[in-house]
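I opened my notebook to record, entry by entry, what I looked up in this structure. Each entry keeps to one residue or one element.

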Amino acid sequence: MNHGAHFMAAIAYVWNERKQIKAPVRNKVIPAATEEQLLLVELVRSVSAMRTETVIQTVKEVLKQPPAIAKDKKHLSLEVCMLQFFYAYVQRIPVSSLVDSWQPLLVLLKDSVQLGLPAPGQFLILGILNEFILKNPNLESKKDQRELQDVTHKVVEAIGTIAGSSLEQTTWLRRNLEVKPSPQIVVDGTNLEADVEDLMLTVMEASSFTPSVYSVHALTLLAKVLAHLLDMVFYSDEKEKVIPLLINIMHYVVPYLRNHSAHNAPSYRACIQLLSSLSGYQYTRRAWKKEAFDLFMDHTFFQMDASCVSHWRAIIDHLMTHDKTTFRDLMTRVAVAQSSSLSLFTNRDAELEQRAMLLKRLAFTIYSSEVDQYQKYLPDIQGKHSHLSQVNIDCSLEAALLD
């Protein structure tokens with residue numbers, strides 16, 4: 001098709017013009033297309049010269065060299081609008097058309113990772129990849145499957161980097177990360193870039209730190225698609241390949257979960273949903289088991305939003321149920337705390353508070369489990385609780401135990 005890139009660029013421009021001014025749902029990372037925008041999808045599908053393979057190749061041309069149009073539009077990112085259109089297009093074409101165009105789509109995905117697209121564009125690349133997997137979870141060729149795994153790894157790594165952009169390194173020598181002390185912006189996905197630019201000035205006036213405006217959205221998107229995506233892309237005998245990627249993602253996730261400050265709440269909620277979704281797949285356990293247990297043992301564990309409790313219940317249930325050692329480790333810690341004698345260098349209140357903390361974790365574990373799952377441990381559990389009850393503790397410690 002002659003002038004195909006200019007035609008598709010015009011589609012992207014009109015797509016931007018037909019977007020919903022304000023979406024009713026907040027924090028939607030990949031916006032749903034409006035009815036007027038979907039008419040553009042049907043228009044392109046009705047053009048006989050625009051077969052699926054041609055559309056993919058033309059979209060790739062627009063992403064690589066966007067035609068110089070509408071420079072007066074302050075918030076127009078032609079690449080993002082093009083990918084929004086293409087995402088809706090992929091959702092609505094037959095599976096057979098998508099499968100037959102796998103090689104051009106693979107090239108588009110590979111090239112897009114290297115183009116340095118704006119964060120909303122990278123979110124759409126992951127969304128397009130996820131749509132392909134949902135429609136066609138199995139590729140016949142082993143070579144195609146390996147290429148799919150490779151591009152999935154690169155796309156997820158790119159989103160992981162955005163997810164970690166609200167973190168900073170605490171020391172020069174060690175790779176310890178913590179949350180930047182700056183507000184985290186949660187904006188509407190429909191008009192993401194425009195909302196971000198408008199809010200930046202307000203935030204910068206209130207903080208001397210540059211906020212990362214897309215990290216919460218990246219975490220939210222990973223929480224929504226990552227666990228199922230990896231499970232579909234990597235077959236049962238290839239699950240070990242997932243672990244290094246997940247360990248890298250967890251390197252960004254854990255610092256957010258350690259931070260219980262109010263300004264970090266959006267990231268905390270997204271990360272706990274991500275960890276909860278990953279914990280449902282037993283093969284991922286090696287990537288998060290130690291970190292989840294350490295977070296569970298942290299003295300600030302219960303300082304969370306009420307909406308996070310159900311996710312932590314799922315995590316703790318998977319943590320304690322999928323092997324025979326983790327629950328025993330918790331019971332051992334409780335037993336050691338009960339049997340340890342006060343030394344000259346031990347603060348009595350601190351030790352009693354430690355015992356109460358461990359019993360609270362034990363209670364939360366039982367609360368997160370199936371009915372009667374730990375029935376065989378009941379005499380031991382009752383013994384540990386009665387032991388603490390017999391100790392002469394003050395009201396504050398008793399309140400901590402019963403909270």
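**Entry 1: Gln84**

I looked up Gln84 and found it buried, with a relative accessible area of 15%, where buried means under 20% relative accessible area, exposed over 50%, and partly exposed in between (1.4 Å probe, protein chains only). I note here that this is a predicted model, in which local features need pLDDT of at least 70 and side-chain atom pairs count only at pLDDT 80 or more, while totals for chains, interfaces and linings use all residues. Residues are numbered from 1 along each chain as its sequence is written, and side-chain values use heavy atoms, with hydrogens and water left out.

Gln84 is found in helix H4 (residues 78–92); helices (H or I, at least four residues) and strands (E, at least two) are DSSP runs, numbered from the N terminus. Leaving aside residues up to four places away in sequence, I listed Trp15, Pro31 and Leu124 as the residues that Gln84 touches, contact meaning heavy atoms within 4.5 Å.

**Entry 2: H7 and H8**

Two packed helices are described by the angle between their axes and the distance between the axes. For helix H7 (residues 119–135) and helix H8 (residues 142–163), I noted an angle of about 145 degrees, with the axes 10 Å apart; axes are lines fitted to C-alpha atoms, for helices over the stretch in contact, and angles run from 0 to 180 degrees between N-to-C directions. Among the residues of H7 that meet H8 are Phe123, Leu126 and Ile133, and the H8 side includes Leu148, Val155 and Ile159. The residues of this contact divide into 12 nonpolar, 2 polar and no charged, with Ala, Val, Leu, Ile, Met, Phe, Trp, Tyr, Cys and Pro counted as nonpolar, Asp, Glu, Lys and Arg as charged, and the others, Gly among them, as polar. H7 is mostly covered, since 15 of its 17 residues are buried.

**Entry 3: H11**

Where does the kink in H11 lie? I found a kink of about 30 degrees at His251, shortly before the proline Pro255; the bend at a residue is the angle between axes fitted to the seven residues ending there and the seven starting there. In helix H11 (residues 242–258), 12 of the 17 residues are buried, including Ile249, Met250 and Tyr252.

**Entry 4: Asp372**

Most residues other than glycine have a negative phi. Asp372 has a positive phi of about 65 degrees although it is not a glycine, and I placed it in the loop between helix H16 (348–368) and helix H17 (378–390). Asp372 is exposed, with a relative accessible area of 56%.

Definitions and conventions: Expected span 1.5 Å × (residues − 1).
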